[in-house]
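Hi,

Here is the structure for you to look over. My notes follow below it.

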Amino acid sequence: MPNASSWSASSPLLLLWEDSSGTRIFLSLLYAVLAISGTLSNVMVIYLVFSFKKLQTTSNAFIVNGCAADLSVCALWMPQEAVLGLLPPNSSSLRSAEYRLLRGGLLGLGLTVSLASHLLVAFNRYVLITKLPSVYQALYQRRHTGCMIGLSWALALLPVPLLPGLWTLGSAQSDGSSRYTALLLALAVLGQTALLLHCYLGIVRRVRGSAKRVSVLNFHLLHQLPFPAAPPPPRRAQRRLSSVSVLLLCCVFLLGTQPLVWVSLLGFFLRPAPPALQAASWLLLCSLSALNPLLYTWRSEEFRRAARSVLPRGEGPPAAPRPAAAA
């Protein structure tokens, strides 16, 4: 059985060399399902936003930015993992340093921009709900929005050279470069999560404290919040639904990001986690790329109406008219 160092040097990121063929086939099928569903959902959201003028809002611009980043993971990286899981462990494709760097770059770029887009959407909604309309309009001009999106991609290119170190998270190398790379990754995700929770909890406090404040803001973005759209339920039920929707979104996000954070911190301060636990934490993080479009559109009536207008209704052919009865 190969040791941890050989496993980390020549295996796919989330597939273990010592796994049985059945496990590898199962993971490959899982990657294939996530790749297909994630690609279709991200492409659908992008198509709907570009096709319907009502959906072309600032908040949706950040959502589309995240969908484009998620396509890097779902459409480009996951299919390669699905195929590589079916190859023998000693395949030359797994040992190519250039190919590993390419795959790591695709994964790192997609996940970094996707996480940044989560934060941009949360901050956009926080400013919309908690600040004056004049502040929101001044901050989110088209030029400023484009700069924010461009900055998310520019910042994502900075840590790409560190991605090869993530391949050795489970090894016991003496230089410790992979441990520091994992620590930087964990701290970055942890900081981003803290800011995102601050924004959404601030929204919940404002909505619960002043439902009237939300109702008088005449913005299309209110339809993209994870809150119930018109017709509004009674105030108490509205506050409860708002809190539950935000809590669900935050829980899904925490479930996808925090296992990797704490596995990385455990490996830096104590001892490396088992390879299977590392693989599971990475898999949860990558699965967010397939779930993100649903997280931000499932409560939006505008998105549902646009989707119904482009998807086939499944209705059968119209029935033939009955002949008129004889007089």
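Which helix does T130 lie in? T130 lies in helix α5, which covers residues 97-130. Keep in mind that this is a predicted model.

Is T130 buried or exposed? Its relative accessibility is 13%, so T130 counts as buried; the cut-off for buried is under 20%. The T130 side chain also has a polar atom 2.5 Å from the backbone oxygen of Y126.

Next, the helix packing. Two partners of α2 are worth a look.

α2 with α3. Helix α2 spans residues 21-51 and helix α3 spans residues 58-84. Their axes are 8 Å apart, and the packing angle is about 155°. Angles over 145 degrees count as roughly antiparallel, so α2 is roughly antiparallel to α3. The crossing of α2 past α3 is left-handed. By residue class, the contact of α2 with α3 has 21 nonpolar, 5 polar and 3 charged residues.

α2 with α13. Helix α13 takes in residues 301-310. The axes of α2 and α13 come within 10 Å and cross at roughly 95°. That angle makes α2 roughly perpendicular to α13. On the α2 side, the contact is made by M44, V45, Y47, L48 and V49. On the α13 side, F303, A306, A307 and V310 make the contact. The residues of this contact divide into 9 nonpolar, no polar and no charged.

To recap: α2 is roughly antiparallel to α3 and roughly perpendicular to α13. T130 counts as buried.

Best wishes

Terms used. Residues are numbered from 1 along each chain as its sequence is written. This is a predicted model: local features need pLDDT of at least 70, side-chain atom pairs count only at pLDDT 80 or more; totals for chains, interfaces and linings use all residues. Side-chain values use heavy atoms; hydrogens and water are left out. Axes are lines fitted to C-alpha atoms, for helices over the stretch in contact, and angles run from 0 to 180 degrees between N-to-C directions. Helices (H or I, at least four residues) and strands (E, at least two) are DSSP runs, numbered from the N terminus. Angles under 35 degrees count as roughly parallel, over 145 as roughly antiparallel, 65 to 115 as roughly perpendicular and the rest as oblique. A crossing is left-handed if the near helix is turned anticlockwise from the far one by less than a right angle, and right-handed if clockwise. Ala, Val, Leu, Ile, Met, Phe, Trp, Tyr, Cys and Pro count as nonpolar, Asp, Glu, Lys and Arg as charged, and the others, Gly among them, as polar. Buried means under 20% relative accessible area, exposed over 50%, partly exposed in between (1.4 Å probe, protein chains only). A polar contact is a pair of N or O atoms within 3.5 Å; within protein, one must be able to donate a hydrogen and the other to accept it, and residues adjacent in sequence count only if both atoms are side-chain atoms. Contact means heavy atoms within 4.5 Å.
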